Amino acid sequence: MSEQREESVAVILVAAGLGTRLGAGLPKALVEVHGKSLAEHALDRILEVGGVNDVIVVVPPKDSRLTERLADYPSLVRTVPGGNSRAASVRNGLAAVSAQITRILVHDAARAFAPVSQYELILSELRKPAVQAAIPALAVTDTISVVGTDVGLGSPTIVETPDRSTLRAVQTPQGFDAQTLIDAHAQLDHYSSEELARVTDDASIVRVHGVEVHVVAGDARSLKVTHPEDLDTVGRLFTTAATKNLEKNLAIPRIGNGIDVHAVSTDPSRQMWLAGLFFPDDIGLSGHSDGDAVAHAACDALFSASGIGDLGTHFGVDRPEFAGASGVSLLAEAARLVRGAGFEIGNVAVQFVARRPRFAARREEANQLLSEVLGAPVSVTATTSDGLGYEGEGIGVTAYATALVYPATRAGQ
């Protein structure tokens with residue numbers, strides 16, 4: 001059996017803090033952002049993480065409000081009462097973790113908007129050989145100084161200013177080999193309540209236990225809610241994320257138009273190619289390539305819809321490699337460029353205006369050919385101009401196309 005199949009992950013969500021500095025008048029994890037508590041926002045993300053088998057939410061002791069609020073979550077989400085310190089709360093959570101768990105992530109409900117990718121990055125790091133602990137951290141951009149108090153003046157004075165290139169702002173979730181974290185916490189038995197109160201994260205506990213802690217890139221979205229102004233910041237984060245998620249889920253289509261005009265060649269030997277088909281009884285259209293106005297208009301509409309230029313940008317006269325190229329080869333290349341830009345193709349509709357060639361009998365043949373080339377439905381129709389204009393005179397052809405594309409859904413998004 002592979003290591004991946006053996007992996008069993010638990011998340012301990014620490015949500016027992018009273019939030020005194022936040023000044024909300026209720027436990028911090030119950031504070032709402034856009035109609036949901038911070039704990040619920042955190043759980044919504046945790047439950048999207050692949051491989052999580054157990055979620056223990058450590059709630060404020062002697063306060064059932066959060067437990068009641070989480071009652072509708074899946075059965076893998078359980079609650080336990082917290083302790084008198086963060087370390088004690090995590091230990092209560094550890095006591096409730098299932099015996100088969102191999103890896104434990106410890107996260108703070110105050111960092112409710114830590115993205116799914118952050119959890120997955122930590123788990124990926126833990127899968128590396130000999131890695132027993134991994135935490136996320138952000139580089140420090142401010143100058144950080146250690147201060148002391150001058151006995152005479154009573155105001156703080158700088159004692160030391162460390163090189164900020166060596167400093168990191170530590171975040172959660174923090175990940176550990178399960179037994180490593182359990183054993184490290186067991187060493188806290190001899191700590192006094194004052195010493196336990198000074199333990200601010202689990203990485204420091206395992207380091208004291210002699211375990212090397214690895215650091216991965218943190219995420220600005222893992223902002224910790226501590227002060228009232230932090231709620232405004234995470235509220236904006238939530239709104240931005242919700243908007244992006246809505247746009248992604250809707251896969252809003254984009255529509256583009258294309259037009260292509262070609263004169264009938266004065267060379268009677270010029271072959272007529274239109275909509276990917278050869279019409280041996282007609283004189284062909286002049287142009288840099290084979291003059292297939294239908295295929296060219298379709299390309300232009302696709303480029304317009306996806307916002308990546310136009311026909312001249314990709315197949316213009318300054319591109320000698322496309323001299324004489326067939327319309328179907330250009331259409332295939334256009335499809336490749338559009339998909340490479342992050343779009344899928346919905347369909348393309350083309351109508352051309354001309355006296356000749358006679359098209360009705362071959363319409364379905366053209367539709368099938370171009371659809372196979374494009375990998376999406378193509379429909380072609382033909383009309384005349386009642387003898388008006390260059391189309392009516394039989395000296396030119398105009399093709400009009402409309403294309404629909406939509407953002408592709410990427411794996412893991």
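Biologist: Which side chain does aspartate 108 meet in a salt bridge?
Modeller: Arginine 86, at 2.8 Å from N to O. A salt bridge here is a side-chain nitrogen of Lys or Arg within 4 Å of a carboxyl oxygen of Asp or Glu. The pair links distant parts of the chain, 22 residues apart, with aspartate 108 in strand S6 and arginine 86 in helix H4 (residues 86–96). Helices (H or I, at least four residues) and strands (E, at least two) are DSSP runs, numbered from the N terminus.

Biologist: What should I know about the model before we go on?
Modeller: This is a predicted model: local features need pLDDT of at least 70, side-chain atom pairs count only at pLDDT 80 or more, and totals for chains, interfaces and linings use all residues. Residues are numbered from 1 along each chain as its sequence is written, and side-chain values use heavy atoms, with hydrogens and water left out.

Biologist: Thanks! Are aspartate 108 and arginine 86 buried or exposed?
Modeller: Both are buried. Buried means under 20% relative accessible area, exposed means over 50%, and partly exposed is in between (1.4 Å probe, protein chains only).

Biologist: How many salt bridges does the count come to?
Modeller: The count is 15. One of them joins arginine 103 and glutamate 7, whose closest N and O atoms are 2.5 Å apart. Arginine 103 sits in strand S6 (residues 103–108) and glutamate 7 in the loop between helix H1 (3–6) and strand S1 (9–14), so this pair ties together parts that are 96 residues apart in sequence. Arginine 103 and glutamate 7 are each buried.

Biologist: Which residues are linked in a network of salt bridges?
Modeller: Glu7, Arg103 and Arg127.

Biologist: And what about aspartate 44 and lysine 36?
Modeller: Their side chains form a salt bridge too, 2.6 Å from N to O. Aspartate 44 counts as partly exposed because its relative accessibility is 22%. Lysine 36 is also in the partly exposed class, at 32%.

Biologist: New topic: where is aspartate 201?
Modeller: Aspartate 201 is in the loop between helix H7 (193–197) and helix H8 (202–208). Aspartate 201 is buried yet has no salt bridge. The nearest side chain of opposite charge is arginine 86, 6.7 Å away; Lys and Arg count as positive and Asp and Glu as negative, while His and the chain ends are not counted.

Biologist: What polar contact does aspartate 201 make?
Modeller: Its side chain joins that of glutamine 174 at 3.0 Å. A polar contact is a pair of N or O atoms within 3.5 Å; within protein, one must be able to donate a hydrogen and the other to accept it, and residues adjacent in sequence count only if both atoms are side-chain atoms. Leaving aside neighbours within four places in sequence, aspartate 201 is in contact (heavy atoms within 4.5 Å) with Arg86, Val170 and Gln174.

Biologist: What about phi for histidine 34?
Modeller: Histidine 34 is not a glycine, yet its phi is positive, about 50°. Histidine 34 lies in the loop between strand S2 (32–33) and strand S3 (36–37). Alanine 130 likewise has a positive phi, about 70°. For background, most residues other than glycine have a negative phi, and most peptide bonds are trans.

Biologist: Is alanine 130 buried or exposed?
Modeller: Exposed, because its relative accessible area is 74%. Alanine 130 is in the loop between helix H5 (116–126) and strand S7 (133–139).

Biologist: Last one: where is threonine 149?
Modeller: In strand S8 (residues 146–149). Threonine 149 is exposed, at 61% relative accessibility. From C-alpha to C-alpha, threonine 149 and arginine 319 are 73 Å apart in space, and they are 170 residues apart in sequence.
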